[in-house]
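Dear colleague,

Please find below the structure that I am handing over for your review. My notes on it follow directly after.

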Amino acid sequence: MKYMCEYTIRTTGLSFDQNIAGGEALLTAFSKWKPEEEKGLTIHAFVSDLAGRSGYILAETNDPKAITAFAAKYNYWNDVKITPVMDVGEVVPISASALDWARKASKG
């Protein structure tokens, strides 16, 4: 299963000094992260917005615990939303079948 992870670095409501300390701590922690240590997790894309405050990670795993363990490491600094996703090529036939069903079901 693929997952789209959206993250935003938490800064709202923090003082300047708290934001600086949080940013330094996050960069220190991130410098110690090794993608190859994420057992059972494949990261296809890891991108940031141009301000460096938020971004997206497209990851794949057969074990939801792997994505949970990955995201939990950064919950101290980031707000994270994880959404299961599918390739469009897989969704289109399902949607077509659902549309066919809805047409038939809606006729008296």
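Is Asp87 buried, partly exposed or exposed? Asp87 counts as partly exposed, because its relative accessibility is 38%; buried here means under 20% relative accessible area, exposed means over 50%, and partly exposed lies in between (1.4 Å probe, protein chains only).

Before the remaining findings, two remarks on conventions. The model is predicted, so local features need pLDDT of at least 70 and side-chain atom pairs count only at pLDDT 80 or more, while totals for chains, interfaces and linings use all residues. Residues are numbered from 1 along each chain as its sequence is written, and side-chain values use heavy atoms, with hydrogens and water left out.

Salt bridges

A salt bridge is taken as a side-chain nitrogen of Lys or Arg within 4 Å of a carboxyl oxygen of Asp or Glu. By this rule there are four salt bridges. Side chains of opposite charge can pair when their charged atoms come close.

Asp87 forms one of them with Lys2, and the closest N and O atoms are 3.0 Å apart. Asp87 lies in the loop between strand E4 (78-85) and H3, and Lys2 lies in strand E1, so this pair ties together parts that are 85 residues apart in sequence. Helices (H or I, at least four residues) and strands (E, at least two) are DSSP runs, numbered from the N terminus.

Asp79 forms a salt bridge with Arg10, with 2.9 Å between the closest N and O atoms. This pair links distant parts of the chain, 69 residues apart: Asp79 is in strand E4, and Arg10 is in the loop between E1 and H1. Asp79 is partly exposed, with a relative accessible area of 42%, and Arg10 also counts as partly exposed, at 33% relative accessibility.

Lys73 forms a salt bridge with Glu38, the closest N and O atoms being 2.7 Å apart. Since Lys73 lies in the loop between helix H2 (64-72) and E4, and Glu38 in the loop between H1 and E2, the pair ties together parts that are 35 residues apart in sequence. Lys73 is partly exposed, with a relative accessible area of 39%, whereas Glu38 is buried, with a relative accessible area of 7%. Leaving aside neighbours within four places in sequence, Glu38 is in contact (heavy atoms within 4.5 Å) with Trp33, Phe70 and Lys73.

Aromatic pairs

Rings of Phe, Tyr and Trp (its six-membered ring) pair if their centres lie within 6.5 Å; planes under 30 degrees apart count as stacked, over 60 as edge-to-face and the rest as tilted. The structure holds nine aromatic pairs. In one of them, the ring centres of Tyr7 and Phe46 are 6.1 Å apart and the planes stand at 75°, so the pair is edge-to-face. The pair links distant parts of the chain, with Tyr7 in strand E1 (residues 2-9) and Phe46 in strand E2, 39 residues apart. Tyr7 is buried, with a relative accessible area of 12%, while Phe46 is partly exposed, with a relative accessible area of 33%.

Phe46 also pairs with Phe30: the centres are 5.8 Å apart and the planes are at 80°, so this pair is edge-to-face. Phe30 is in helix H1 and Phe46 in strand E2, 16 residues apart. Phe30 counts as partly exposed, at 38% relative accessibility. Ring pairs link Tyr7, Phe30, Trp33, Phe46, Phe70, Tyr74, Tyr76 and Trp77 into a cluster.

Strands E2 and E3

Strand E2 (residues 42-48) and strand E3 (residues 54-60) run antiparallel and are joined by six bridges; strands pair if DSSP finds at least two bridges between them. Ile43 of this pairing stands opposite Ala59 in E3. The hairpin of E2 and E3 has five residues between the strands, and Gly52 takes a positive phi near 75° there.

Helix H1

Phe16 is found in helix H1 (residues 16-31). Phe16 is exposed, with a relative accessible area of 62%. The C-alpha atoms of Phe16 and Leu27, which are 11 residues apart along the chain, are separated by 17 Å.

With kind regards
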